[in-house]
Amino acid sequence: MVAAPGDINVSGGTSTCSGGEVAVRARPAAVPGAPAGAGRALGVDDIVAAALRVGTTRGFEALTMRALAEELGVSAMAAYHHVPNKDALVNLVVDAVLADVEIPPTDLGDWDVRLCTLRSRVSEALGAWPGVDALVFGRPPTAHGWRIMDGYLQILLDAGLTPKNALLGFNVLQDYGMARSIIQRRMRAAGGADGGVPSDRPAQWPALGRVEQTWSQIHRSDVAAFADALIVEGLRALLARQHAGTDVE
């Protein structure tokens with residue numbers, strides 16, 4: 001388990017997603033800025049914590065073995081003794097971030113509650129470390145990535161989807177999650193606000209004028225809830241077609 005940047009003690013609590021309860025557990029404190037390996041042998045937790053410090057302060061594109069060694073206060077050769085290469089380092093970071101994402105059990109609720117809860121948990125885990133989403137979506141799945149993928153697919157299969165439709169449904173969820181994560185990261189970099197419809201928009205686009213007053217009233221939570229509802233209702237419609245025999249593999 002790793003500590004989120006700046007907390008560094010996050011109080012426990014809960015949030016909800018379409019009726020499912022999402023656990024938010026407290027994370028252990030860390031010592032900002034201090035070489036994690038000073039005075040003792042380095043462990044995996046030290047390496048991951050140092051890599052996350054580099055990523056959150058300099059950007060994950062700056063995460064190299066040399067940067068890791070500097071953050072740990074050791075030589076580059078010493079860093080390679082613990083992690084063979086940058087790929088292995090990134091895999092450690094991604095797995096550490098995803099490790100606390102719990103797959104909702106069957107007794108949590110219906111498949112739609114479990115699906116929304118898992119999406120919310122993944123989003124929360126990635127959101128705690130701005131920029132780590134690019135590592136997750138930009139490489140093959142890690143061990144915990146496969147575990148979460150299996151969780152999504154199991155929920156969709158439990159809903160009654162055929163294997164093909166479950167896989168297609170997962171890909172839609174994955175693509176939406178990746179796109180939404182990129183958009184949110186860009187909005188944070190721009191100061192967290194959406195500028196809305198420009199006042200100097202061309203007059204020949206009347207639809208923009210019709211939504212202009214509403215634009216500033218739409219928040220990220222509205223988009224997430226709408227997306228959940230849209231995806232779930234689409235999956236329900238697909239299940240209905242399967243049951244009617246018009247969409248069977």
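Predicted model: local features only at pLDDT ≥ 70, side-chain atom pairs only at ≥ 80, totals over all residues.

Colleague: What makes Glu71 and Arg53 a salt bridge?

Modeller: The closest N and O atoms of Glu71 and Arg53 are 2.7 Å apart, and the rule asks for a side-chain nitrogen within 4 Å of a carboxyl oxygen. So the pair qualifies as a salt bridge. Arg53 counts as buried too, at 16% relative accessibility.

Colleague: Which helices do Glu71 and Arg53 lie in?

Modeller: Glu71 lies in helix α2 (residues 65–72) and Arg53 in helix α1 (residues 44–58), so this pair ties together parts that are 18 residues apart in sequence.

Colleague: How many salt bridges does the rule give?

Modeller: Seven salt bridges. One of them joins the side chains of Asp87 and Arg139, at 3.0 Å from N to O. That pair links distant parts of the chain, 52 residues apart: Asp87 is in helix α4, and Arg139 is in the loop between α6 and α7.

Colleague: Why is Asp87 called partly exposed?

Modeller: Its relative accessible area is 49%, and the label covers what falls between under 20% and over 50%. So Asp87 ends up as partly exposed.

Colleague: What about Arg119 and Asp228, how do you know that they form a salt bridge?

Modeller: The closest N and O atoms of Arg119 and Asp228 are 2.6 Å apart, and the limit is 4 Å. Arg119 lies in helix α5 and Asp228 in helix α10, so the bridge ties together parts that are 109 residues apart in sequence. Arg119 is buried at 17% relative accessibility, and Asp228 is buried at 7%. There's also a network of salt bridges linking Asp112, Glu233 and Arg236.

Colleague: Where else do Arg119 and Asp228 turn up?

Modeller: In the lining of the largest cavity, along with Leu115, Cys116, Leu173, Ile231 and Val232. That lining divides into five nonpolar, no polar and two charged residues. α5 (111–127) and α10 (220–244) each supply at least two of the lining residues.

Colleague: What makes this space a cavity, and what is the volume of the largest cavity?

Modeller: A cavity is a set of points where a 1.4 Å probe fits but cannot get out. The largest cavity has a volume of about 30 Å³, and the count comes to one cavity of 30 Å³ or more.

Colleague: And the largest pocket, how much space lies there?

Modeller: About 790 Å³. The largest pocket is lined by 36 residues, and Val122, Ser123, Leu126, Phe137 and Gly177 lie nearest its centre. The lining splits into 19 nonpolar, 11 polar and six charged residues. Its largest share, nine residues, comes from α8.

Colleague: How many aromatic pairs are there by the rule?

Modeller: One aromatic pair. The rings of Tyr152 and Phe170 are 5.8 Å apart, centre to centre, with 55 degrees between the planes.

Colleague: Why is the Tyr152 and Phe170 pair called tilted?

Modeller: Under 30 degrees would be stacked and over 60 would be edge-to-face, so at 55 degrees the pair is tilted. The centres also fall within the 6.5 Å limit. Tyr152 lies in helix α7 and Phe170 in helix α8, so the pair ties together parts that are 18 residues apart in sequence. Tyr152 is buried at 8% relative accessibility, and Phe170 is buried at 6%.

Notes
Residues numbered from 1 in each chain as written. Heavy atoms only, no water. 1 Å grid on protein atoms, 1.4 Å probe; cavity = no way out; pocket = protein on both sides within 12 Å on 5 of 7 lines; lining within 4 Å. Points joined across faces, edges and corners; volume = space filled by probe spheres on them. Helix = DSSP H or I, 4+ residues; strand = E, 2+ residues; numbered from the N terminus. Nonpolar A, V, L, I, M, F, W, Y, C, P; charged D, E, K, R; others polar. Phe/Tyr/Trp six-rings, centres within 6.5 Å; stacked < 30°, edge-to-face > 60°. Buried < 20%, exposed > 50% of the residue type's maximum accessible area, 1.4 Å probe, protein only.
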